[in-house]
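Here's a quick tour for anyone meeting this structure for the first time. Have a look at the model, then read on.

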Amino acid sequence: MEKLGELSSICYSKILREVSKAVIYKENFFLFQLRDNDDSISYPNKWSLFGGEVDKDENFEEALKRELVEELHWCPNKFFYLAKDTDKTTNCNINYYLVHCELPDHKLILGEGQEMKWFTVQEIMDLDSICRPNVLRTMIKQAHKHIKTI
């Protein structure tokens, strides 16, 4: 079981939250965020996708745009819906969107987390400190398969 902060596990157990996550890709790479090393958040110090919770009166796409502006100072023009999954550990419904990044790397400015890094599919498959490894690896495989058809 993934480590959750004590406060997070208490808060997340009561309310089913809606979340939007971006599977950001460029060429043959996917962008991940190293989450803060803070026990009060879910999956601290793990590599994860960018995105976050849907606020009241927001739809999934609006939330994803807002989160990407907060976390990367970037708002994509388009995204493609991939899948929905439920994280029972944090009590979240997570909607995954495929997002193509056309910006040069120096234009992406990290606003949250410890680090951002581009990974190949194989590097993601071999990554030890990844949030929800089976789910994220499946999403990356699904995204990679879809990208090949574009």
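## A hairpin to start with

Strands β5 and β6 make a hairpin with 4 residues between them, and N91 in the turn has a positive phi of about 60 degrees. Helices (H or I, at least four residues) and strands (E, at least two) are DSSP runs, numbered from the N terminus.

This is a predicted model, where local features need pLDDT of at least 70, side-chain atom pairs count only at pLDDT 80 or more, and totals for chains, interfaces and linings use all residues. Residues are numbered from 1 along each chain as its sequence is written, and side-chain values use heavy atoms, with hydrogens and water left out.

## β6 and its two partners

Strands pair if DSSP finds at least two bridges between them. β5 (residues 80-87) runs antiparallel to β6, joined by 7 bridges, and here F80 sits opposite L98. With β1 (residues 17-26), β6 pairs in the parallel sense over 9 bridges; I24 has V99 as its bridge partner in β6.

So is β6 (residues 92-100) mostly covered or open? It's mostly covered: 8 of its 9 residues are buried (under 20% relative accessible area; exposed is over 50%, partly exposed in between, with a 1.4 Å probe and protein chains only).

## The second largest pocket

β6 also gives the most to the lining of the second largest pocket, with 3 residues. In total 15 residues line this pocket, and P76, N77, K78, H100 and E102 lie nearest its centre. A pocket here is an open set of points on a 1 Å grid over the protein atoms alone, where a 1.4 Å probe fits, with protein on both sides within 12 Å along at least five of seven lines; lining residues have an atom within 4 Å of a point.
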